[in-house]
Amino acid sequence: MSVPAKLSDVEPRFFTRAQWASFLLPTLVLALVLPLLNAALPAEHLLRPSDFTLNLYGKYATYAVLALGVDLLWGYLGILSLGQALFFALGGYAFGMHLLLMIGKDGQYKSDLPDYMVFLGYKALPAHWEPFYSFSFAAAAVLIVPALIAFVFGWLAFRSRIKGVYLSILTQALTYAAALLFFRNDFGFGGNNGFTDFKRVLGADLNSPDTRRGLYVASVLLLAGVFLLYRWLTRAKFGHLMQAIRDGENRVLFSGYATARYKLFVFVLVAAITGVAGALYVPQVGIINPSEMTPEKSLEAVVWVAVGGRGTLLGPILGALFVNALKSWATRAAPELWLYIIGGLFIVVVLFLPGGLISLPAKFRSFWVKLRSKAPAAESLAAGH
Amino acid sequence: MSHPILQAEDVTKTFDGFRAINALNFYLFPGELRTVIGPNGAGKSTFFDLLTGRAKPDTGGIEYSPVPDTPATDLTKLNEYEIQRLGIGRKFQTPSVFAEHTVFTNLVLSLKGPRGVFASLFHRLDSAARDRLDALLKLVRLDDKRHWKAGLLSHGEKQWLEIGMLLASEPRVLLVDEPAAGMTDEETHRTGELLLSLAGKHSIVVVEHDMSFVKQISINGQVTVLHQGSVLCEGKFDDVQSHPKVREVYLGRGKN
């Protein structure tokens with residue numbers, strides 16, 4: 001008897017119809033309905049999402065993109081990078097340079113130079129800043145700078161076959177070193193104050209509701225696009241290979257695959273995409289400084305992924321939303337407790353919910369099934385008496 | 001005799017002062033099924049490491065010449081995946097299959113074909129490949145378990161799957177490390193038959209401890225005895241078994 005080979009086994013369909021629906025529906029709501037309600041309804045209307053809410057969601061969307069990158073590396077490829085926030089911050093800095101130049105003479109010192117440069121006594125704009133007047137150059141730098149750093153680091157690390165905890169420590173050292181560098185005034189990126197006080201992007205006023213709505217929509221669309229791209233990467237042969245490298249790199253190597261190249265490809269791709277998320281984050285929060293690349297930031301992203309459910313693409317998004325919503329609440333309600341809350345959350349998830357939030361429905365379902373299979377037994381027992 | 005497909009000459013490999021391989025000479029001829037035996041620590045696994053690029057010899061040369069009368073390839077300069085691509089496949093002592101993947105996917109990943117990043121991104125299974133996979137699944141008797149996660153297979157089935165993965169890459173040379181470990185007698189026998197049927201088409205080196213299995217697969221071929229990193233003797237199974245030095249070091253009965 002021969003079993004027909006199932007194509008879906010190796011090359012699953014990109015999305016089933018139901019999956020398309022469950023992807024498009026929230027995307028439409030978030031990218032179209034919410035901004036329309038925000039724009040059309042009067043300010044006090046019950047159904048109108050406030051400007052603040054949209055701005056918050058936009059920020060979360062960029063965080064979710066960061067989390068997806070962490071998960072692609074950790075959950076699928078088995079590389080626990082503790083330095084992903086570096087690429088987020090580098091993208092943010094690259095775009096921040098452009099935003100800073102776009103302030104023009106509207107800064108505190110009414111100078112062509114950015115405020116911090118006036119303050120530090122610069123006489124002229126450093127030459128490497130000049131090209132950042134161009135939006136397209138800055139946009140390219142947003143992709144290229146993180147990718148380049150990731151390429152150099154990854155090329156050295158993966159070629160030398162550095163793995164596991166050693167690689168994690170190195171990634172953390174990388175982001176820490178970068179943070180120390182950016183904290184220095186003489187490094188030339190505003191020291192610990194970073195860049196702030198942005199006025200406009202592409203000629204549009206950053207404080208106008210329209211611009212902020214646009215940034216929010218761009219963040220949601222970026223998240224949706226990155227989700228689709230990662231979905232494509234993680235299915236079929238490439239996705240199987242990533243997971244094979246995670247589970248048994250030796251066998252992959254001895255099957256003729258240059259595993260270092262696969263890792264480098266994913267690492268660089270994720271860095272570039274994370275950079276774009278960082279670039280969208282900066283105009284929405286209005287500031288970028290070196291604290292964004294301290295190791296804690298990267299560790300937080302790892303917690304989002306663990307809480308949401310690693311090795312799935314929906315988990316990191318849920319995790320980023322949930323943990324950050326919790327953070328927004330906790331830092332207002334009990335700011336001094338936040339670190340305990342996030343630490344405790346991480347421990348609880350690792351111990352009791354290794355699959356993360358995303359595994360909860362399945363857990364409830366099996367619990368429900370157990371409960372129902374017990375219930376009739378109890379009934380018949382009662383009837384017997 | 002024809003030209004060896006794989007030869008190691010005067011190979012030495014030292015780990016922290018310990019000579020795992022010591023002036024080893026080894027010649028494998030096309031289509032041969034060679035069995036390598038030796039007590040623990042004789043250097044069998046290190047030998048495979050040297051042949052497959054996992055370790056580099058301190059001295060000596062390892063050459064591969066699949067096509068007669070063409071310059072041989074120096075294997076000591078290549079790494080694992082380059083050597084695999086030349087047509088030298090290796091099965092590990094403990095079965096190393098992708099536990100989280102199905103049996104079918106395990107074979108797909110091993111199938112001969114381009115190995116680059118972009119080739120994998122845009123990979124599609126064509127019907128020829130699917131036929132080949134069906135044939136392989138039958139050969140290793142995992143046809144009805146093709147949708148099983150490989151981690152759920154029995155130890156013996158994992159061994160078979162790994163042999164199947166090896167064959168999927170269509171190697172010229174098969175290096176097989178203890179294929180019968182953890183198998184029932186019947187599975188062991190079938191493994192022996194499979195290896196015997198592959199000889200001729202492939203050149204095979206089998207490292208094994210199980211003597212009845214060694215006897216089974218060395219029926220037409222040579223047995224090489226490794227001891228302290230070099231070849232102690234080589235010959236037919238019966239000759240090797242009755243060789244006094246072999247009895248002394250390997251079977252441990254010489255002293256009595």
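This is a predicted model: local features need pLDDT of at least 70, side-chain atom pairs count only at pLDDT 80 or more; totals for chains, interfaces and linings use all residues.
Two helix pairs of chain A were examined. Two packed helices are described by the angle between their axes and the distance between the axes. For helix α9 (residues 236-253) of chain A and helix α10 (residues 259-285) of chain A, the angle is about 155° and the axes lie 10 Å apart. Because angles over 145 degrees count as roughly antiparallel, α9(A) is assigned as roughly antiparallel to α10(A). The crossing of α9(A) and α10(A) is left-handed. On the side of α9(A), the contact is formed by A:Leu241, A:Met242, A:Ile245, A:Glu249, A:Val252 and A:Leu253, and α10(A) contributes A:Thr259, A:Tyr262, A:Lys263 and A:Val266. By class, the residues of this contact between α9(A) and α10(A) comprise seven nonpolar, one polar and two charged.

The second pair consists of helix α3 (residues 51-76) of chain A and α11(A), which pack at an angle of about 75° with their axes 9 Å apart. This angle makes α3(A) roughly perpendicular to α11(A). Residues A:Leu66, A:Ala67, A:Val70, A:Asp71, A:Trp74 and A:Gly75 of α3(A) meet A:Ala301, A:Val302, A:Trp304 and A:Val305 of α11(A) in this contact. Eight nonpolar residues, one polar residue and one charged residue make up the contact of α3(A) with α11(A).

Helix α11 (residues 295-308) of chain A also holds A:Val303. A:Val303 counts as buried because 20 C-beta neighbours lie inside 10 Å. When neighbours within four places in sequence are left aside, A:Val303 is in contact with A:Val323, A:Ile342 and A:Phe346. The C-alpha atoms of A:Val303 and A:Leu313, ten residues apart in sequence, are 15 Å apart in space.

In chain B, six strands form an open sheet of mixed pairing, in the order β6-β7-β8-β3-β9-β10.

Strands β7 (residues 173-177) and β8 (residues 203-207) of chain B run parallel and are joined by five bridges. Within this pair, B:Val173 stands opposite B:Ser203 in β8(B). By contrast, β9(B) and β10(B) pair in the antiparallel sense, over five bridges, and B:Thr224 stands opposite B:Glu234 in β10(B). The hairpin of β9(B) and β10(B) has two residues between the strands, and B:Gln228 in this hairpin takes a positive phi near 50°. Helix α1 (residues 44-51) of chain B lies across β3 (33-37), β6, β7, β8 and β9 (223-227) of chain B, and runs at about 150° to β7(B).

The contact between the chains takes 27 residues from chain A and 31 residues from chain B. On the side of chain B that touches chain A, at least two residues each are supplied by α2 (80-86), α3 (103-110), α4 (117-121) and α5 (127-139) of chain B. Helix α3(B) gives the most to this side, with five residues. The residues of chain B on this side divide into ten nonpolar, eleven polar and ten charged.

Terms used. Residues are numbered from 1 along each chain as its sequence is written. Chains are lettered from A and ligands numbered from 1 in the order in which they are written. Axes are lines fitted to C-alpha atoms, for helices over the stretch in contact, and angles run from 0 to 180 degrees between N-to-C directions. Helices (H or I, at least four residues) and strands (E, at least two) are DSSP runs, numbered from the N terminus. Angles under 35 degrees count as roughly parallel, over 145 as roughly antiparallel, 65 to 115 as roughly perpendicular and the rest as oblique. A crossing is left-handed if the near helix is turned anticlockwise from the far one by less than a right angle, and right-handed if clockwise. Two residues are in contact if their C-beta atoms, placed from the backbone, lie within 7 Å. Ala, Val, Leu, Ile, Met, Phe, Trp, Tyr, Cys and Pro count as nonpolar, Asp, Glu, Lys and Arg as charged, and the others, Gly among them, as polar. A residue is buried if 20 or more other C-beta atoms lie within 10 Å of its own, exposed if 12 or fewer, and partly exposed in between; C-beta atoms are placed from the backbone. Two strands pair if DSSP finds at least two bridges between them.
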